[in-house]
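Okay, thanks for coming, everyone.

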Amino acid sequence: MKYLSVLGSTGSIGQNVLDIVSRFPDRYAIKALAAATQVETLARQVERFRPEVAVVIDEAHARQLAARLPSDLAVDIVFGDQGYADAAAHPDVHMTVSAIVGAAGLLPTVAAIRAGKDIALANKETLVAAGDVVMALAREKGVRILPVDSEHSAVFQCIEGQAKTALAKILLTASGGPFRTTPAAVFETIRPEDALAHPTWSMGRKISIDSATLMNKGLEVIEARHLFDLDASRIEVVVHPQSIVHSMAVFHDGAVLAQMGAPDMRGAIAYALSWPERLPLDLPVPDFAALGALVFEAPDTQRFPCLSLAYEACRVGHTLPAVLNAANETAVHAFLDRQIPFTAIARIIEQVMDKHVLEKKPDLSDIIGTDAWARDQAEIFIRQQRGR
């Protein structure tokens, strides 16, 4: 039996994790569930999976959760930063699923690694902001970090069993998002509801906006740099609107290996949970004859400048990726709150990056401080944008 802690259990990744656990009750059990504010969803999960620990964002939500649960249900309800860390590092857990959205997932993931827990990583911001620190800590603790993002899972599957020296580069596929063919002239009028309508994947609000700007792919470039120990010049993005080819690995003899499947996150999640085995999920297989052809395009960085900004942060490294990530999170939330137009997201990120004084070889406290600084600066530029 493999015991799991699921951080971000009420989000799309977390709910898919629990779907897999429910299919294989002889293989997996839940020791801890952590959410933020979605008390009703978390309460239903607690009643079904009977974890020992349940975590929410603060004391008020902890009281709400306690009131929602049966009085005879034995679960320890905790909250806040210490609660997330305790759930991540639960002594009986074999693997922690890191699926909290954004930089908020960094410290709980670090707590899990310090406790020697293997990580199923869906929180790309952990490696974007602090990849060097996190990967060094994982090596020190002998912890495996298994990717949950479909693209990184695909690369992981393609390079398994291959000599590292034979890998020339990787190709990360991108759906192109909802505005792949939209003229730049109308970008200023894009509404949050337009950007949330992803053509192939079902994702949370923040990730859906990142997909619409192609920042999600940029963050994946930085994540791949750390997961696979590659510099930015060996990580290429190619737009593939059908989302059937999840990513590819190119070898120095010219061979290209691709991992394909229906656009369903459960495949990548299950592989992280079960590696090196494969679970019999019975997911649908693409109808290749009906598809007829698979389309690939170069990304348009003129219409989607966030991708270029992410490549810049990846090449420079140090604290710049943390700045990129924090400014992006802040700008995306402002767009979702209708404070700024869609096109201002990239402008604000670039302004914050330009203002940053790089701190080389940062430790975890430096990164946390940089994150806070970048959010403050982004808020200043957001206010200036609103004042126009």
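Predicted model: local features only at pLDDT ≥ 70, side-chain atom pairs only at ≥ 80, totals over all residues.

**Starting at one residue**

Let's begin with Gln 259, which lies in strand β11. When I say helix or strand, I mean DSSP runs, H or I over at least four residues for helices and E over at least two for strands, numbered from the N terminus. Residues are numbered from 1 along each chain as its sequence is written, and side-chain values use heavy atoms, with hydrogens and water left out.

So, is Gln 259 buried or exposed? Buried, with a relative accessible area of 17%; the cut-offs are under 20% for buried, over 50% for exposed and partly exposed in between, using a 1.4 Å probe and protein chains only. Beyond residues up to four places away in sequence, Gln 259 touches Ala 154, Gln 157, Cys 158, Ile 244, Val 245, His 246 and Ser 247, a contact being heavy atoms within 4.5 Å.

**The sheet around it**

Ser 247 stands opposite Gln 259 in β11. Strand β10, residues 245–251, pairs with β11 in the antiparallel sense over 5 bridges; to count as paired, two strands need at least two DSSP bridges between them. Zooming out, 4 strands make an open, mixed sheet in the order β9-β8-β10-β11. At the edges sit β9 (235–239) and β11 (256–260), each pairing on one side only. Ignoring direction, neighbouring strands here are turned by 20° against each other on average. Helix α7, residues 150–159, packs on the sheet and touches β8 (167–174), β10 and β11, with its direction at about 40° to that of β10. For those angles, axes are lines fitted to C-alpha atoms, for helices over the stretch in contact, and values run from 0 to 180 degrees between N-to-C directions.

In the loop between α7 and β8 you'll find Ala 166. Ala 166 counts as buried at 14% relative accessibility, and, leaving aside neighbours within four places in sequence, contacts Val 250, Phe 251 and His 252.

Now the nonpolar cores, meaning sets of buried Ala, Val, Leu, Ile, Met, Phe, Trp, Tyr and Cys residues joined through side-chain atoms within 4.5 Å. The largest has 128 residues, and Ile 145, Leu 273 and Leu 324 have the most contacts inside it. Helix α14, residues 320–336, gives the most to this core, with 11 residues. Apart from that core lies another, of 5 residues, including Leu 171 and Val 238.

Which residues does Ile 145 contact, neighbours within four places aside? Among them are Ile 113, Val 134 and Leu 227. As for helix α10 (215–227), 12 of its 13 residues are buried. Just after α10, Asp 229 takes a positive phi of about 55°.

**The whole chain**

Altogether we have 16 helices and 11 strands. The radius of gyration is 20 Å, close to the 21 Å that the globule rule gives for 388 residues, so the chain is as compact as a globular protein of that length. That radius is taken over C-alpha atoms, and the rule is 2.2 Å times the number of residues to the power 0.38. Of the 388 residues, 56% count as buried.

Technical notes. Expected span 1.5 Å × (residues − 1).
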